[in-house]
Amino acid sequence: MLKNYLKIAFRNLRMYKAFSFINIIGLAVGIACCIAIMLFVRNELSYDRFNKNADQIYRIHLHAFFNDKDINLAGSCAPLESTLLSDFPDVIAATRLRSFGFPVLRYKDKAFSEEKFYWVDSTFFKVFTVQFIEGNPKTALTQPNTVVITEEMAKKYFGNEDPLGKILNADRSRDYIVTGVVNGFPGNSHFHFDFLGSLASYQDRNQSWASTNYYTYVVLRTGTDPVTFEMKMNKVLRLYFATDIKNITGGTYEQFEAVGNRIGYYLQPMTSIHLYSHLDFELEPNSNVAYVWIFSAIAVAILM
C-alpha cells in the first residue's frame, strides 16, 4: 500500500513539476521562517534564567504619586539594601549596583572610556550567577578600590599578562586593583557589564529614602509570597519614609497621603524585566511581550 502511494506521489511530482516545486519551496521556506521565529521567541522568554536562583530574584523599584505626577523609577535608595537584610528574614541575599558615569581607564599606554562599568556591593555574586575564571567571589570586592573584569576586558588591557594584581587607573584620579576575572553575562540578560568596581570605595552621604541612585536586587527565601512580602515591606518602610516626607513637605506622612500622594517600593521578578518592565532609567532598553505574541501569530499564519 505504501509503495503504491509513493509511486503516485513521484508520478505527480514528474507530471506537475512547476506546481510541485512551488509547493515544496513554499513549505520549506515556511518551516524555516517558523523555526527562526521560534528561536527568537525562545530567546526572549529565556532572559535572566541563566541565574541559579532566577525565580527567587526580584528588583525593587520606586513607585510614587506626588503633585499629580505618577513616578515609576527602576532605581531605589542607598539604605534600602541593608534595611531589607536586617529587618526582613525572608531576604536571604541583597545587592546594589550603580553607575558614576563612563570612566576613562588606563593601563600603561592603553586608555579607553568604558560604558559598562558598574560599582556593586561585594554581595553581587550571592545574587547573580557569575562564573569566575580567576579570583575568589567571596573576597573579590570586599576591599575598597578593587575591580572585577570580564575575560574580554582582561585581554583588551593586559593581553597575555596575568591580570590579577594589576592596577587600572580611572580618570587619572583613582587606582583599582584587579581582583577577579569572570565571564560576562550572556546576551539574554537585562543588563551587561565589563567592569564591577567595589562600592566600598565610596561613601554615599545621600541616605534619603526618596532617592533613586541605586538598583537593588534581593533573593527571597523559597516559598515567600512576593505580594505579602511587598505589603510587609512597605508597612515597615513607611516609618523610614516619614522623616523624608517631613523634610520635603514640612508635614506628616498622614498629611502627605491625605491629599492623594503616595510612595513605596515594589518587587519586580527579575525574569519579567526584559519583556514587561518599562520604567524610567532602566539599565538597558527592554523589549515588549507584545512582540512575542505577534511573532508567534505570524509563525502560525506562515505555516498554515
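**Briefing: a predicted chain of 304 residues**

Of the contacts in this chain between residues at least 6 apart in sequence, 74% join residues at least 24 apart, where contact means heavy atoms within 4.5 Å. The model is a predicted one, in which local features need pLDDT of at least 70 and side-chain atom pairs count only at pLDDT 80 or more, while totals for chains, interfaces and linings use all residues. Residues are numbered from 1 along each chain as its sequence is written, and side-chain values use heavy atoms, with hydrogens and water left out.

**Overall build**

- The chain has 9 helices and 13 strands; these are DSSP runs numbered from the N terminus, with helices being H or I of at least four residues and strands being E of at least two.
- Its radius of gyration is 26 Å, whereas a compact globule of 304 residues would have one near 19 Å. For your own checks, the radius is taken over C-alpha atoms, and the globule rule is 2.2 Å times the number of residues to the power 0.38.
- Along the principal axes, the C-alpha atoms fill a box of roughly 85 × 60 × 35 Å.

**Surface and charge**

- Buried residues account for 42% of the 304 residues. Buried means under 20% relative accessible area, exposed means over 50%, and partly exposed is in between, with a 1.4 Å probe and protein chains only.
- The accessible surface is about 17000 Å², and carbon and sulfur atoms hold 58% of that. The areas come from the Shrake-Rupley method with a 1.4 Å probe, and for residues only the protein chains shown count as cover.
- There are 30 positive and 29 negative charges, and their mean positions lie 10 Å apart. Lys and Arg count as positive and Asp and Glu as negative, with His and the chain ends not counted; each charge is placed at NZ of Lys, CZ of Arg, CG of Asp or CD of Glu.

**Aromatic rings**

- The structure holds 30 aromatic pairs. Rings of Phe, Tyr and Trp (its six-membered ring) pair if their centres lie within 6.5 Å; planes under 30 degrees apart count as stacked, over 60 as edge-to-face and the rest as tilted.
- One of these is the tilted pair of Phe124 and Phe128, with 4.7 Å centre to centre and 35° between the planes. Phe124 is buried at 0% relative accessibility, and Phe128 is buried at 2%.
- Phe124 also pairs with Phe193: the ring centres are 6.1 Å apart and the planes meet at 85°, so this pair is edge-to-face.
- Phe124 sits in helix H4 (residues 124-127) and Phe193 in the loop between strand S10 (174-182) and strand S11 (195-198), so their pair ties together parts that are 69 residues apart in sequence. Phe193 is buried too, at 3% relative accessibility.
- Ring pairs link a cluster whose members include Phe50, Tyr118, Phe124, Phe128, Phe193 and Tyr217.

- His61 belongs to strand S1 (residues 57-66) and is buried at 9% relative accessibility. Not counting residues up to four places away in sequence, His61 touches Leu73, Ala74, Gly75, Gly264, Tyr265, Tyr266, Gln268 and Leu279.
- Thr179 belongs to strand S10 and is partly exposed at 22% relative accessibility. With neighbours within four places in sequence set aside, its contacts include Glu134, Asn136, Val147 and Leu164. The C-alpha atoms of Thr179 and Phe65 are 43 Å apart, and the two residues are separated by 114 residues along the chain.
- Ser198 belongs to strand S11 and is buried at 1% relative accessibility. Leaving aside neighbours within four places in sequence, Ser198 contacts Trp119, Val120, Leu141, Gln143, Pro144 and Thr146.

**Backbone angles in loops**

- Asn145 is not a glycine, yet its phi is positive, at about 60°. Asn145 lies in the loop between strand S7 (132-135) and strand S8 (146-150) and is partly exposed at 26% relative accessibility.
- Phe281, another residue other than glycine, has a positive phi near 65°. Phe281 lies in the loop between helix H8 (273-276) and helix H9 (289-303) and is exposed, with a relative accessible area of 62%.
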